[in-house]
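Trainee: I would like to learn how to read a protein model with care. Could we take it one feature at a time?

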Amino acid sequence: MKTSETFQALYDTIAKLRSPEGCKWDREQTPSTLRGALVEETYECLEAIDNNDTAHIAEELGDIFLLATMLGYMFEQESKFSVADVLTGINEKLIRRHPHVFGDVKVKDTSEILDNWAAIKVQEGRKPKDSILDEVSSGIPPMDRSYALQKKAAKAGFDWQDVNGVIEKIAEELEEVREEHAINGVPGGNRNQLEEELGDLLFSVINLCRFLKIDPSVALNRTNSKFIERFKHVEKKMKETGQEMKQENLDIMESFWNEAKISLESPHVF
């Protein structure tokens, strides 16, 4: 089937599900009830991409297409706009904002392409932001937002001269966390101040990732996966030896943790 035919088939299926003869659950959904699903499916797709799992990527993209089409169809049912309006709008915007592809504009590099994109948005009537940082949505997760804010600032020339400055900043922020913890890291201490210092430290680490051209989300996901694998090994070994997972057995758990570290480096140890 052609792409247009497969999309029409998806549209028809969604229309059937939302019809009186369709599915009660699907009919009860609203844009608000699908917000969480849209976020969840997006992250599942990102996980599949990180794992380079082609079949899983295709499946998760299908779920995203489903949600995007169903959301559009909900507004179509209310005569607000149609799914066709959405598709026409994004297609026209892509053509309009790529004059170097669909027109006669010449560009030297990707920086000029992005500058043209921003200028065209203003020409289309999009009100310029008071600050370039306002272009970063407040709705994205905090770590990704920090990364995006730093990239925007760096593009305007507000950046470290070299990596040593970033590393020194991390050391400085870590020392401030130590000092703050000594004062407020006790019951009744000023948790807001400690929270602020920890936020500064995290922001600085994310800045180092950006400076080294490492996506912090990807780096953290790798560490999460590594932690999960090692912890599962600890659980397995503790169960096999009849040991309980508790603080009093920390030395035993750490020995199995170190075992898992060796296993990760040399997969054929076990």
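Mentor: Let us begin with the salt bridge, which is a side-chain nitrogen of Lys or Arg within 4 Å of a carboxyl oxygen of Asp or Glu. Please keep in mind that this is a predicted model, in which local features need pLDDT of at least 70, side-chain atom pairs count only at pLDDT 80 or more, and totals for chains, interfaces and linings use all residues. Residues are numbered from 1 along each chain as its sequence is written, and side-chain values use heavy atoms, with hydrogens and water left out.

Trainee: How many salt bridges does the rule give?

Mentor: The count comes to 14 salt bridges. In one of them the side chains of Lys169 and Glu172 meet at 3.3 Å, N to O, and both residues lie in helix H9 (residues 163-184), three residues apart, about one turn of the helix. Helices here are DSSP runs of H or I with at least four residues, numbered from the N terminus.

Trainee: Which parts of the chain does the salt bridge between Lys152 and Glu135 link?

Mentor: The side chains of Lys152 and Glu135 meet at 2.6 Å, N to O, and this pair links distant parts of the chain, with Lys152 in helix H8 and Glu135 in the loop between H7 and H8, 17 residues apart.

Trainee: Is Lys24, which pairs with Glu28, buried or exposed?

Mentor: Buried means under 20% relative accessible area, exposed over 50%, and partly exposed in between, with a 1.4 Å probe and protein chains only. Lys24 is exposed, with a relative accessible area of 55%, whereas Glu28 counts as partly exposed at 45%. The closest N and O atoms of this salt bridge are 2.4 Å apart.

Trainee: How many disulfides does a search of the whole structure find?

Mentor: A disulfide is a covalent bond between the sulfur atoms of two cysteines. The test applied here asks for a pair of cysteine sulfur atoms within 2.5 Å, and the search of the whole structure finds zero disulfides. As for individual cysteines, Cys23 is partly exposed, with a relative accessible area of 28%, while Cys45 counts as buried at 5%.

Trainee: Which residues are linked in a network of salt bridges?

Mentor: Arg96, Arg97 and Glu124 are linked in such a network.

Definitions and conventions. Helix = DSSP H or I, 4+ residues; strand = E, 2+ residues; numbered from the N terminus.
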